[in-house]
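This briefing sets out computed features of the structure shown below, grouped by topic.

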Amino acid sequence: MSKCAVMAYKKILVFVIPVLLIVSMTGCKTARANGSNKDYKDDYSSLIQPVEMKLVLGYSEEAPSKDNLIISELNKLANADINIEWTPMVSYNDKFNVLMASNEHPDVILVPDVKNAVFVDGIIAGMFWELTSYLQEYPELSQIKPLLLKNASVEGKLYIIPRERALKRKMVVYRSDWAKVAGLDAPDTIDGIYNMAKAFAYGDYDRNMQNDTIGFALGTVNNEIDCIDALVVAFGGFNRWGIKDGKVIPAFMTEEYLETLNWLRKMFDEGLISPDFAITKTTQIVPDFVDKEKTGLWLSYKLPNRSDPVLVAKQREDPSITREDVFEFAFLKGPGGKERIAAETGISGGFAFSKRAVKDESRLRELLSIFDVIQSREGQILINNGVPNVHFELVENKYAKAVDPAVFNKEVSPIGQLGTGGGKAYIIADDEITVRLDNARRTFDESGMISDITAPLTSTSYSSNSMNLLRIISEAQFNYIMGKINENGWRKALEDWMSAGGASAIEEFTQAYNKENK
Amino acid sequence: MAEMSAGIKIKNKRKKQGYKLRQIKKDLWLYILVIPGLLHFIVFKYLPMWGILIAFKDYNAYLGFFGSPWVGFKQFTDFFTSPEFGRLFVNTLTISFYNLIFGFPAPVIMALMLNEIRKQWYKRTIQTLVYIPHFISWVIIASLTYTLFNSQGVINKYIAAMGNEAVPFLTSADTFRPLIIGQTIWKETGFGTIIYLAALAGIDVQLYEAAVIDGANRFKQFWHITLPSIKGTIITLLILRMGHILDNGFDQLFLMSNSLNRSVSEVFDVYVYTMGITRGAFSFSTAVGLFKSLIGIVLIYSSNRLAKAAGESGIF
C-alpha cells in the first residue's frame, strides 16, 4: 500500500469507527433488553401465574431492597408479583405530576392527595377506573368505612382505594420534665399552652443560665402556620371550612379565628414566640430547637423518637428515664372543657388504577383482588408490623414491639406506604407512651371531632386560584401576628380574598354542600 | 446587453458554487468535527422546541401531545388577565433591573482593580479566591444567609450590640431585594471577571509604554487605553445579558422566598415551577415560559441594533 493510501485509510477509519461503535452499542442494548424480558416470562409461566402489579411508592429514609422479605411474603399471600419502584418521599408530588404526563404508567398509581389538580384533570379526561361499584364485590374492600370513602371521592365518585389514617392526630407536645419542675399540668387548653409558654420562656429550665428559650415554637408548612387549625378549633372555630348561616365559609372569616390570631399576637408581643417563626419550617422544630433545648412546647403530629439526643443525654445520666419522663403529649380541649380536635380527613391519598396500564375489567379485578388481600387484617399486619418474630413480637397480646428497631425501620416502615387500613394492624410501640398515644388516637368522642366540611367537596374556582387566595391570607396572618397590621388590615385582607375569587369559592362550595346533603 | 449580463451572472453563480464546494472540501475535517456539536443542538435544543406547541393547546396527559385540543392563545390571555401577572412582571423586572445596575458593573470594576495589582502572586491568589463562591450551590448560600441574617444571627447580634433595633432581614419585603442582589454579587462577581481579565491581558503593552512617554498618569492610562480596549467585551456581555432579563434564577428565589416577602419574591421562574410541576398546568406554564423567551429575543435584537447604531460591532 502506498503511503497516501494508508493515510486515506486511516482517515476513513477515524470517521467510521465511532459510527460503528455507536450503532453496535445501541444494537446491544436493545438485544439485551429483549432477552431479559423473555427470560422473565419463561421463569414465571411454569408457576401458577402470579398476578403482576407495578407501582411507584415513596420512601422517607432509605429505599428497601429488591428482595424485601415483606414484599415476598405479601406476594405469597396474595399470589402476586408486586414490583415497586421507590422514589424519595419529599419529591413524590413532583414525581406524581411527571408520571401522569408520561406515557408509561404503572398499573397502580399512588395519588398523594385526592384534591391534586393533576389527578382531578386526569379523572375528567377519563384516565382512571371508577371503583365505586367494584369495591362491593370484595369481602375486605367493601368494609372500608363510609366516611373514608366520602372523603376519598371526587364529586361523589370513588377513584382511589383510600389509605386509612387516624382522624385524631394534631397534638401539643411538651417537655414533661420541665413542666414537672414548673408544677404545671398538661397543656390541654389554650390557657394551659399560654401559661406553659410563659413559664418556659422566662424560667431557665434547660439550666444554661441564658434567657434563650422559645416559649411556644411555631413552624410553617407550605407557607402556612402548621397545625394552626388545632388552635382555631380549640378556640371553638371551624376546621378550615365550616357552615354558618347556610353558607360554607372558611375558618378565617369567623370571630374565633381572629381570637386565635389575637392570642398569638399577644404571645408574639410578649416574646413567647420566636421572631423568626415565619421562616421556620415545621420540620426544623425538633432538630433545631427541641434537640438544642431551645424550646419545650410545640404542636406536632408526632413525638420525638426514641433516639432523640435530649432523651439519650438524659438516659446517659440515669438509665431508668423513659421517653414520657422527657416528652409528653396532650390533645386540646375546647371552650366547654371537652376535647375538641381538628380532625384529619382520615385518608392519606390512595391508590388509583390508570386505564392506560390497566386495559380491561378482568385485569382491574385481578389487581383489586391483590388489594383485597392487602386490606385484610393479615395483610395489614404484614405491611405495618412485619413478619412475626422476625420483625416484631407481641407484648401482652396488645401491641407489637420491634425485634430490632434498625431492621424494622429498614424493612417494615417503608412498606407501610401500602397501608390502606393501618387501624387493623397492631400498634407498633417501643415504650409505654406510644401505646398510650395510639390508644388515645383510636378513642374519641365523635362530637369533639371537627371535620373540614369541604373535604369531599370540589370548587373549581378555588382549586384553580388557591395559590393566590392562600397567599393573601397567610401574608395577612403573619403580618397580623407580628403586629405589622392591625384589625383593619386583617379585615381588608379578607375583602381582598373575597374579591380575588374567594366569593365564588364560597358560592361553589355551598352549592356542592347542598347537593351532597340533600 | 441584458442577455450578456444575465449570462455573466449565471456564470458567477456557478463559479461561486464551485468555490463554496471547494472551500468545504478543503476544510472537510473541520466540517466533520462540527457534526457532534450540531447534532447536540438539533437533538437537545431544536427537537424539544416542538414542545412549545403545547402552549397553544390545552394539554392533558391522558390525551397526549397529539390528542390534546388546540386552544389558540387562550393560555396567553389567561395569563395576561390573571391577577398575578402584574405583580410577577413588576417583581421580575425590578430584581433584574437592580441586578443589571449593581450586578453587571461589579465584575468589570473588580477586573479593573485586579488588573492594577502589580504583585503577580497576590493577584493570582485573590483571583482564585474570588472564583470560589461561583461553585457553591444556592442551597448552601441560602442557608448561610439564613444563619447570618436571622433574628439571632451574627449580623443582628452586631446591630444589637451597636444599640440599634434588630432588622428583620429575612421576614420583610423591604430587605428582600437588597439581600437577593447582594447574594448574586457575592456569588457571581469573581467568576464574571474571567472574561474581562482575558480582554485586559490582550491589550498591547506598547500602548501603555507610549502613554507613559507622553506623560500620562495611571488614571489617564486607564481612561484612554484600558477602558476603550475592553469596551467591546463589555457591550457584548451586556447584550447577552439583556436576553436573560426575565430570568431571575429559580433556585435562589425559590429558596429565599417565604410568606412575608412573597409580595416581592414571586417571579416568573418560580411561578412556572409552581404552575407546571406542582400544579400540573403544563400548557399554561409553557405559555409563560414562551412569553419570557420572546421578551428575551426582542431585547437581544433591539440592544444589538442599538449597539450597532452606536458604532459598536454587536454580537451578530
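B:D78 is partly exposed, with a relative accessible area of 33%; the term covers values between buried (under 20% relative accessible area) and exposed (over 50%), computed with a 1.4 Å probe on protein chains only. The model is a predicted one, in which local features need pLDDT of at least 70, side-chain atom pairs count only at pLDDT 80 or more, and totals for chains, interfaces and linings use all residues. Residues are numbered from 1 along each chain as its sequence is written, chains are lettered from A and ligands numbered from 1 in the order in which they are written, and side-chain values use heavy atoms, with hydrogens and water left out.

**Salt bridges within the chains**

- B:D78 forms a salt bridge with B:K74, the closest N and O atoms being 3.2 Å apart; such a bridge requires a side-chain nitrogen of Lys or Arg within 4 Å of a carboxyl oxygen of Asp or Glu.
- B:K74 and B:D78 are four residues apart in helix α4 (residues 74–81) of chain B, so about one helical turn separates them; helices here are DSSP runs of H or I with at least four residues, strands are runs of E with at least two, and both are numbered from the N terminus.
- B:K74 is also partly exposed, at 39% relative accessible area.
- In chain A, the side chains of A:R491 and A:E487 meet in a salt bridge at 2.9 Å, N to O, and this pair is likewise four residues apart, in helix α17 (residues 487–516).
- A:R491 has a relative accessible area of 33% and A:E487 one of 36%.
- B:E116 and B:R218 form a salt bridge at 2.6 Å, N to O.
- Because B:E116 lies in the loop between α6 (105–115) and α7 (120–131) of chain B, and B:R218 in helix α12 (residues 218–242), the pair ties together parts that are 102 residues apart in sequence.
- A network of salt bridges with shared partners joins A:K170, A:E224, A:D229, A:R240 and A:E344.
- Over all chains, the search of the whole structure finds 33 salt bridges.

**Interface of chain B and chain A**

- The contact (heavy atoms within 4.5 Å) takes 32 residues from each of chain B and chain A.
- About 2800 Å² is buried between the two chains, 57% of it on carbon and sulfur atoms; this is the accessible area (1.4 Å probe) lost on putting the two parts together, summed over both.
- B:Y62, B:L260 and B:R279 supply 25% of the area that chain B buries against chain A, more than any other three residues.
- One salt bridge is counted between the chains, and A:R471 and B:E266 meet in a salt bridge at 3.9 Å, N to O.
- On the side of chain B that touches chain A, α15(B) gives the most, with six residues.

**Domains and fold of chain A**

- Chain A is divided into domain 1 (51–166 + 345–412) and domain 2 (171–342 + 449–516), with bounds from an automatic or database domain assignment.
- The centres of these domains, taken over C-alpha atoms, are separated by 31 Å.
- Seven residues of domain 1 are in contact with seven residues of domain 2, and the area buried between the domains is about 630 Å², of which carbon and sulfur atoms give 50%.
- Chain A has 17 helices and 19 strands, and buried residues make up 49% of its 518 residues.
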